[in-house]
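Biologist: I am new to this structure. Could you show me how to read it, one feature at a time?

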Amino acid sequence: MDRVTPMTATANEKTAETFRSLNPATGELVGEHPVHDEAAVNAAIERARTAQIWWAGLGWKERKVRLLNIKGALTRALNRVATAIHQETGKPVADAQLETVLAITHLDWAARNAQKVLGPRGVFPGIVAVNQKCVLEYQPLGVVGVIGPWNYPLFTPVGSIAYALAAGNAVVFKPSEYTPGVALLLAEIISGVIPEEPVFQVVTGFGDTGAALARGAVDKIAFTGSSPTARKVMAACAERLTPIVAECGGKDAFIVDADADLDEAADAALWGAMSNAGQTCAGVERVYVVDSVYDAFVARLTARARTLRPGEDRTAAYGPITMPGQLNVIRRHVDDALARGGQALVGGADAVKEPYVEPVVLVDVPDDSAAVCEETFGPTITVHRVKSVDEAVTRANATPYALAGAVYSKSRSTAMDAARRLRGGMTSINAVIAFAAVPALPFGGVGDSGFGRIHGADGLREFARAKAITRQRFAPPMNLTSFERTDKDMAKLLRLVSLLHGRRYR
């Protein structure tokens, strides 16, 4: 693995031993990394198994201190990390800095709240088992395998890594082949704080490396990626009955009520759709606007969209499409929308100019078109006219994806009602993607958008197993779990149950 074989200029081309990471905006070489095979992955898992025992043995207080020191080291290296993200994804440095800040806040929350969420606590046993002392605690799973994406190569995997480490697990991380350098820099930072044992390791490579991790002797897989890939990962995990938390794609809807602040709504919808070149699983892809304000909203949205420019320089609104193959998906969606009667008010068929895609705003697009039904993952947006918020919710839910959404309305009751009825794991009101910045809130989807949750207390519990312990404090007045149980004992029990539970309620 140490020898580098000859390379061509193809982005991230696989070789027998290494592969290249290139800047998607310039094509410049960022780094060369080994393709770890199954044996290498299994060796990493075995090292993690030993390291996890040590890490769990440190206890809550010491793990908290270590994780807070990782947070501090990451903060001090913020600009270095952001530069690495910028180089491997092409996103603007400021966006990479924001991503790093979000990762820092999640590390902080996981470190400070792990013991409170997962530590031992007493549970009331109830009248029938009143002689029992009950304790509930959450124990670490062991070794967690994390398979991360390229669009947010730090923030997204840290949503699993930080919470898994805080719960007392060791982690083996397989980053995207497009962003291995970011992962290795994170590993460098973590090992600087925790030099004793490899509680966090990175394995690099392509799909085979990720498959080896999923098939390996890990205790859980945390996966982020497309729905088709998630199905393959689940199939690999099934060989060992390894549980998985999957955060997959989205086709998120943005609803604009008649009383919404249209300037704020247009600004938020545009950011949700175009930031990071639209490569956001919880980004805005569909907008549903109540008829009475449709024209005014579209005018504001298109005026703003025309001012955006993709590029590699600091003044660009967003960067390139990181994964070259996604350009074909974006082009197909735009072409299909136009062929089926849609109109491009901004951009159009010529918006795809590799490696960039200029902003595209589409209207009058049929609901069964690819641009409405499939995840586009590019700087495009479809805008739809609806009669009411109710119709907007109904049409927004008419997709197998169900990750997140947003509602703009000045009516608290209307917004809350719509937010609850939008199928998915998260909804923002009068904001966009706000939930991602709140570490205490769980993040995850439904249907083709995946299952399980990262972030928050639910995210901590995702990487732990509940352990229930009962201890008899005194002999029971009725020994019901014995072959010496008498009819008199049962009669007492039935009278007690009748007294406690036999009443009628209204």
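Modeller: Start with H86, which is buried, at a relative accessible area of 12%. Buried means under 20% relative accessible area, exposed means over 50%, and partly exposed lies in between (1.4 Å probe, protein chains only). This is a predicted model, where local features need pLDDT of at least 70, side-chain atom pairs count only at pLDDT 80 or more, and totals for chains, interfaces and linings use all residues. Residues are numbered from 1 along each chain as its sequence is written, and side-chain values use heavy atoms, with hydrogens and water left out.

Biologist: Where is the place of H86, and which residues does H86 touch?

Modeller: Helices (H or I, at least four residues) and strands (E, at least two) are DSSP runs, numbered from the N terminus. H86 sits in helix α3, residues 78-89. Contact means heavy atoms within 4.5 Å. Leaving out residues up to four places away in sequence, H86 touches K91, P92, V93, A96 and E312.

Biologist: Is V101 buried, partly exposed or exposed?

Modeller: V101 counts as partly exposed, at 37% relative accessibility. V101 belongs to helix α4, residues 93-118.

Biologist: Now strands. How many bridges join β3 to β4?

Modeller: Two strands pair if DSSP finds at least two bridges between them. Here three bridges join β3 (residues 121-123) to β4 (residues 132-140), and the two run antiparallel. V123 stands opposite C134 in β4. Nine bridges join β4 to β22 (residues 464-472), again antiparallel. E137 has K467 in β22 as its bridge partner.

Biologist: In what order do the strands of the open sheet stand?

Modeller: Seven strands form that sheet, in the order β12-β15-β16-β11-β10-β18-β19, with mixed pairing. β12 (343-346) and β19 (426-429) stand at the edges with a single partner strand each, so one side of each is left without a neighbour in the sheet. On average, neighbouring strands of this sheet are turned by 25° against each other, direction ignored. Axes are lines fitted to C-alpha atoms, for helices over the stretch in contact, and angles run from 0 to 180 degrees between N-to-C directions.

Biologist: Which way do the side chains point in a regular strand?

Modeller: They alternate between the two faces of the sheet. Three bridges join β12 to β15 (residues 360-363), which run antiparallel. Q343 stands opposite V363 in β15.

Biologist: What lies across β12, β15 and β16?

Modeller: Helix α11 (residues 326-339) does, running at about 30° to β15.
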